[in-house]
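Hi,

Here is the structure I promised to pass on.

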Amino acid sequence: MHLHPCSAMISRMIILGIESSCDETACGIVRDGNELLANAVFSSMDQHVQYGGIVPEVAARSHIEVINGVIEEALTQARLSWDDIDGIAVTYGAGLGGCLLVGVMTARTLAITKDKPLYGINHVEGHVYANFLTTTSLPGYVLPGSAPEFPCLALIVSGGHSQLVLFRDHFDYTLLGQTQDDAVGEAFDKVAKMIGLPYPGGPSVGKLAPSGDAHAFTLPKAKMPGKYDFSFSGVKTAVLRHAQAMCGKDFTFPSRLLPEALSEAQKADIAAVFQRVAIETVADKTIQAFEEFSPASVVIAGGVASSPELRRQLKERLPIEINYQDPKLCTDNGAMIATLGCYKMQKGQPTADPYSLEIEPNLSM
Ligand code: KG4
Ligand code: ZN
């Protein structure tokens, strides 16, 4: 049997992925779209905690300082040299402009100097592809046993995105709906701030919630004109009003004074009720889309996909088995970017010009 030299080359590949869209400077290395060889992540989160959110300038400066070291660390983890790398993938959007620039300029320079093909990656699509990683010899990872099958329904929930996407195949998908205002992770971050919990809010609300009563009060779920669209700004305001009422104040009471005015038990109830309602909102639409499109698989992606409450609700409510990715691959990382890079190379998708690839901070799916 004669294999076309090209197809033989393209079925085996090692891609290095670079991610710098927000506060994580990350580099991952992936073989053949399923094997995790390295996942090096540096987060500048410590420098933002005092501000209660990411400061773009601070994040961009941190990327510049650490990116070369993070790439070196990934190569060391994988025990590989540049000669072993078949291509470079980089997030070029969506994200913070100054942050994206650092990753893109680094990747462009490396593509030219190391003479490797370059792939521009959409960050949100990248999140979905973390689910294709099924094997690794790196310690400390629990990966799903099998890759998602098409058609695949993807719920993408992060600090910047809340969307439901139906993938018929690689590079053939439809956006079913998305948030019309805040992303679900952003709502977690804002509610956490209101009750004095540290940033990022998802994990801190998740930690406090089990000590509260998830049915202590009710919160509205937004009714949207688009069947699969989301809205989280209403529920966030409803939490604020409820918290003000809990300490006997009206709507003029400043939210920055709430952490002192609320008791620990009240904070725990707020965390529990908000988490239940926010997660139910995304789970409801996922179930509804599952019923309409009967996909062969469902995946969750993005930072909020590491929420134990989301994992619990979907496992309980979906009529099919759902595989979850290791939480370390749900938050921003370079391995997901490298994974999508592998499929781009394998499927003959166009490469990016290393002399001209531009950032697209507002890139959508
Ligand atoms: O995907 P990601 O790392 O960055 C973006 O692309 O936005 O997501 C970060 C978001 C934050 O809003 C954070 O609060 C949320 O993901 N998050 C969680 C959990 N871990 C991170 N939300 C709920 N439960 C978690 N365990
Ligand atoms: Zn992300």
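The C-alpha centres of domain 1 and domain 2 are 28 Å apart. Domain 1 covers 14–148 + 326–346 and domain 2 covers 174–317, with bounds that come from an automatic or database domain assignment. Where they touch (contact means heavy atoms within 4.5 Å), domain 1 supplies 13 residues and domain 2 supplies 12 residues.

Before you read on: this is a predicted model, where local features need pLDDT of at least 70 and side-chain atom pairs count only at pLDDT 80 or more, while totals for chains, interfaces and linings use all residues. Residues are numbered from 1 along each chain as its sequence is written, chains are lettered from A and ligands numbered from 1 in the order written, and side-chain values use heavy atoms, leaving out hydrogens and water.

Between them the two domains bury about 980 Å², 70% of it on carbon and sulfur atoms; that is the accessible area (1.4 Å probe) lost on putting the two parts together, summed over both. On the side of domain 1 that touches domain 2 you'll find 8 nonpolar residues, 5 polar and no charged. Here Ala, Val, Leu, Ile, Met, Phe, Trp, Tyr, Cys and Pro count as nonpolar, Asp, Glu, Lys and Arg as charged, and the others, Gly among them, as polar.

**The zinc site**

Which protein atoms hold the zinc ion (ligand 2) as donors? They are His123 (NE2), His127 (NE2) and Asp332 (OD), at 2.0 to 2.1 Å. Donors are N, O and S atoms within 2.8 Å of the metal (3.2 Å for Na, K and Ca), and since water is not among the atoms, sites may look incomplete. Along the chain the spacing reads H-x3-H-x204-D. His123 and His127 sit about one helical turn apart, because they are 4 residues apart in helix 4 (residues 123–129). Helices (H or I, at least four residues) and strands (E, at least two) are DSSP runs, numbered from the N terminus.

Most peptide bonds are trans. The bond from Tyr199 to Pro200 is cis, with omega near -5°, and so is the one from Gly93 to Ala94, with omega near -15°.

Cheers
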